[in-house]
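Dear colleague,

I am passing a structure on to you, and below it you will find my notes on what turned up. Please read them with the model open beside you.

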Amino acid sequence: MTILDGATDPTRLEPRPALEAREITKRFDGVHALENAGLSVRPGEIHALLGENGAGKSTLIKVLTGIYAPDSGTLLRNGEEIEFANVRVANHAGVVALYQELSVIPSISVAENILLGDQTPSRGGIVQWKTLRRRARAQLDSINQKIPLGMLAGDLSPVQQTMVAFARALAMDANVLILDEPTASLTDTEITDLFAVLRSLRDRGVAIVYVSHRLEEVFELCDRLTIMRNGQTIVTKDVADSHIDEVISTMVGRNAGELYPDRGTATTTVALTAKDLDGRRVKDVSFEVHRGEVLGIGGLAGSGRSELLRILSGAQKHSAGEITVGETTLPKSPGVPRALAAGIALVPEERRAQGVILGASIQDNIAVANISAVSTMGVVSGARITDITTRGMRDLQIKARTPRQHVSELSGGNQQKVVLAKMLARKPAVLLMDEPTRGIDVGTKAEIYRLIRRLAEAGTAVITVSSELPELIGMSDRILIMHEGRISGEVAAAEADEEILLAYCYGKADAHDNLS
Amino acid sequence: MRTKFKALAAVAAAATLLLAGCSGSSGGGGDASGGSDEPFKVIAFTSGNQTPVGAWWVKAVEAQAEELGWDLTMIQGDFDFQKMNPAVESAIGQGADVILDGYTDVASIGSIVSAAKDAGIPIFAMDSGTEPTDAFAINITTDQQGIVDSTLGALDESLGGLDGKNIMVIGHDPHAGIRLRAGLAADDLEAAGATLAGGEIQKVASPATGRTEALALVADYLTANPGGLDGVWVGWDDAALGAAQAITEAGATGKVTGVDAVSESIAAIEAQGAFLATVEQPWPAILDSLMEHVLAYQEDGTMPDENFEAVSTTLVTIDNAADITPSDKLE
Amino acid sequence: MTTSRNLGVEDATDVRAVPRRSVGQKLLSSGTVLALVVLILFFFLMRPDVFLSFTNVKNILYQVAILAIIAGAQTIVMVVGDFDLSVAATSALAGAVAASLMISGWPIALAIFAALIVGLLIGLANGLLIAYVNLSAFVATLATLTSVTGLAFMVTEGTTLFNLPPEFNNLGQGKFLEIPLPVFIAIGISAILWFVLRFTTLGRRWYATGGNVEVSRLSGVNVRRARLLAFTVAGFVSAIGGVLLAARLGSASAVQGEDNLLFSVAAVFLGMTIVRSGAANLVGTMVGVAIIGVMSNGLNILGVNAYVQQVVTGLIIIAAVTLSSLKTRER
């Protein structure tokens, strides 16, 4: 158990912060990323750091962990001024940040990952394997994880890798942990386990900074929260004294009720018909979507929603059934180009892997998806690329320095917008979207909802899959729920509420009657 | 004085071109002592400057040029035809009286031959092919059949006859001379009633690793056929030394012959182990003979009567090893 | 009750568990080891009287001893996530330096020491260029390879140096208990490298660096120093290989052992297919070396000509690596 300097009795009124940042200013190229920003986290608390993308959260974190040196302001560790020359110094001082991608070295064992580098027990240059295994086990036990020490870290699930990263941080005697979106790809069970570990760490006196877009989680887990906006710290409050809507409006600087735009009226013209579709999981799915309509599709994991979208987009074969777009019936395995030509475009779930070319610039990404629109007889026209890109960036309000900026440097929300821009330049008849706002901050989410609505108003039929029921209700005109490959329920969004939808998710077809 | 400057300027121009094209080439300048206004311009090239004989040839030609007051451009190819051929062609473009080819097979210099023909410059060559060709004014090389006759003769004598003997022949196809003599040796052995070990000529893939390849080849053969190898005929000394080492290490009794008469093989012959004989190719004498033809041409434009000459060689055995100058020690 | 959070995410906790396997299971399930076993069986069935005999096994070990050492050097560099194209050139230069010094009269031990220092310095140069000047390993070692080969040509004056002291040659040609010394030396060096990689903090830092540079750096591994050391060690070990090769052949040339470069890379890649993590590893490299040695020897014994051997070698490497990648995809 770590004994902390300045450890406090949590019942004292103003405990000395484990880590504090005061009046931090940081400029890049003359632009203020942080202006008088601050954060104060106490030992034995879970403190949420909230803000839209671009609010300055990650810059502040980098200052806290020694990646950036602030232009002005002070850092205090247990009440004493301190400077972090680099990350190693910060780590030695017990401040460790954990990121999703950078957590483990996949090609070596769990035990070695926990006691890496400076921490590896050795005598005269020879690794003491028994000691290493013993200490690694001890760290894992202290957070109640039964991960086998000999497994390669690359074989672990994402949450297990996060646990290993925790164990490593604890092995370094870290008592300030900074977590960046730790629940992004975790299942419910894994999230519960993670929260249990976090709570036990908190009870041991560790200070935890929790950065997340998931407000429900924040309200469930955290003790206090700090909201940033435009590089400044706006407010710090106890979670118990806060309310979600108020937090959202503080974050975006406007009324939270405006998150979802008004619904529209769909036309009666059918844009796409699916009849008796069969896939691996998908069974006997038939439905229609109209021009100008936003159709939301929900369901539990494994219900076949993503597969349905992939079938519709041509990325996956269906074994039976028919898809008709306008007048054209697509053949059995149309393939994506065919489907695209027929007017069906897909914005995929994994934008980093499937949606954008990270290493390329914005305009290159857009050009690639619209190569025939920007070229004549095989020769690409620079002017047309610039034209399409500028229009896309303006329409979608993509925040970037220039169209030539690399997509990998953009925030998640802006990356998603690039994906949208790619697809929109083609003016599809049917736009399929799989989890369009995953990992995106609230402000950008609102923009994307508005964009989707605008698209629908312009005549596109939009089909979106989402795991967040409030989002489904807020953005759709009509909702279909899938259960075990079939459509188990259909509701007009205006009449839907989460309980009904959830019931359909579990296949309780008579739910509606029971609840009335 | 002006001629000296002109010579230097010509050399500087050629040298700049060559520096762009190849490494290790030296732009030699001739001293215009001797009264003629325009020194005799000579382009000399070899692809084999990384071999001892090639290196010797470069030095020898440069020495001759110095002595005779020639304006010499020497291009060393490092076995890289992609680099050498354009360099030689550029030099031809600058104009020359005569071209000298050392140890560079005519098959690899097609573009140089065309350029020379177009410019009307004769090529005097040594060891640059195994057959007459009108690409050259003259090509003086060694008599491959003679080489084969003498080495097989040595084997015959040592083994008490070739009939019924199992002999391995090791060759290397990319080298024209070795390819020809290996083929001749195989034919003659079979005609004499011997069997080719392995059923065919054993090929070495790369001259750089020839010694280790031959070593492994013979060692493995001996393991697979203990006591079954009477002799090894090898197309060149480096690989022959590898074969001999394999035989010695295996404690077998075969005899090995090579070609080239490098100092290491002469020492091996004198040690009277598995290495039986090699062949001295009289390069200095051949160079002298070639130079006579060049000088005759320089004098009054006389071309040689024939465009091909095969000169006889000397077998090197224990009897005369001490008297032979090794080919890697030529002055 | 709050709404389910991530409706979309598969509950993968059941699917993820990878069963532990015993060492034997691990080796056998690898396509590469299977390939080696199949090769051995094949050649044994073709020539049961010869293939697994003591002499032949000894020959195989002898033939791959030097390659094993060079491949060991390459393994270290590939563990760190780079590769070294100059290993064979460094070995040739080291052999040439040792030979040249001994011929000029230096005591053997001193000459060998100097050769090893040369190798170490070349490795150091590589490491500095790559770890500190941030050149890509490909570019830096390619450049080193070219310059070092040039140096080797200079040291050997373009010929093959020989006439080395018999005590020196004995290192490469002597035997202990009827097994050639280079085999013991290769085993010794491999064992040391294996130990360093597996048990020392240095070796673990190398693995960490090769696995993920960022995480390693953040955990206090001096990544630059690790890479510098890896290349320095590789240069040193390559020099050992070169000195041993010179002793084995009793001679040193600038291009001796050239094919060890490609074979060493092939061996390490073959070895990488054997472990689950896909990282370079010493035992795997030795399996790769064994495959190369068995194939060359077996094909020699069967009398397959050299060109066909090259084609077959390439195909077998492709087959082994493909088999392994298919198995990985199944997981």
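Two residues are said to be in contact, or to touch, if their C-beta atoms, placed from the backbone, lie within 7 Å. The model is a predicted one, in which local features need pLDDT of at least 70 and side-chain atom pairs count only at pLDDT 80 or more, while totals for chains, interfaces and linings use all residues. Residues are numbered from 1 along each chain as its sequence is written, and chains are lettered from A and ligands numbered from 1 in the order in which they are written.

By that definition, and leaving aside residues up to four places away in sequence, Gly220(C) touches Arg88(A), Gly117(A) and Asp118(A). Gly220(C) sits in the loop between α11 (213-218) and α12 (223-249) of chain C, where helices (H or I, at least four residues) and strands (E, at least two) are DSSP runs numbered from the N terminus. A residue is called buried if 20 or more other C-beta atoms lie within 10 Å of its own, exposed if 12 or fewer, and partly exposed in between, with C-beta atoms placed from the backbone. Gly220(C) is partly exposed, because 18 other C-beta atoms are found within 10 Å.

Chain B itself has ten helices and 13 strands, and buried residues make up 53% of its 331 residues. Of the contacts in chain B with a separation of 6 or more, 73% are between residues 24 or more positions apart.

One helix of chain B can be followed in some detail. In α4 (residues 110-119) of chain B, Ile112(B), Ala115(B) and Ala116(B) are buried. They lie on the same side of α4(B), because they cover an arc of only 100° around the axis, the arc being that of the directions from the helix axis to the C-beta atoms. The face turned away from this buried side carries the exposed residues Gly110(B) and Asp118(B), whereas the cover over the buried residues includes α3 (81-93), β3 (98-102) and β4 (123-126) of chain B. After α4(B) comes Gly120(B), with a positive phi near 70°.

How do α3(B) and α4(B) lie, and at what angle do their axes cross? The axes come within 9 Å and cross at roughly 5°, where axes are lines fitted to C-alpha atoms, for helices over the stretch in contact, and angles run from 0 to 180 degrees between N-to-C directions. The two helices are therefore roughly parallel to each other, a term for angles under 35 degrees, with those over 145 counting as roughly antiparallel, 65 to 115 as roughly perpendicular and the rest as oblique. In this contact Asn85(B), Val88(B), Glu89(B) and Ile92(B) of α3(B) meet Ser111(B), Ile112(B), Ala115(B), Ala116(B) and Ala119(B) of α4(B), and these residues divide into six nonpolar, two polar and one charged.

Turning to chain A, six strands form an open sheet of mixed pairing, in the order β18-β21-β22-β15-β23-β24, where two strands pair if DSSP finds at least two bridges between them. The edge strands are β18 (344-347) and β24 (486-492) of chain A, each pairing on one side only. Within the sheet, β21 (residues 430-434) and β22 (residues 461-465) of chain A run parallel and are joined by five bridges, with Leu432(A) having Ile463(A) as its bridge partner in β22(A). Helix α17 (residues 498-505) of chain A lies across β15 (294-299), β23 (478-483) and β24 of chain A, at about 35° to β23(A).

How values were computed. Nonpolar A, V, L, I, M, F, W, Y, C, P; charged D, E, K, R; others polar.
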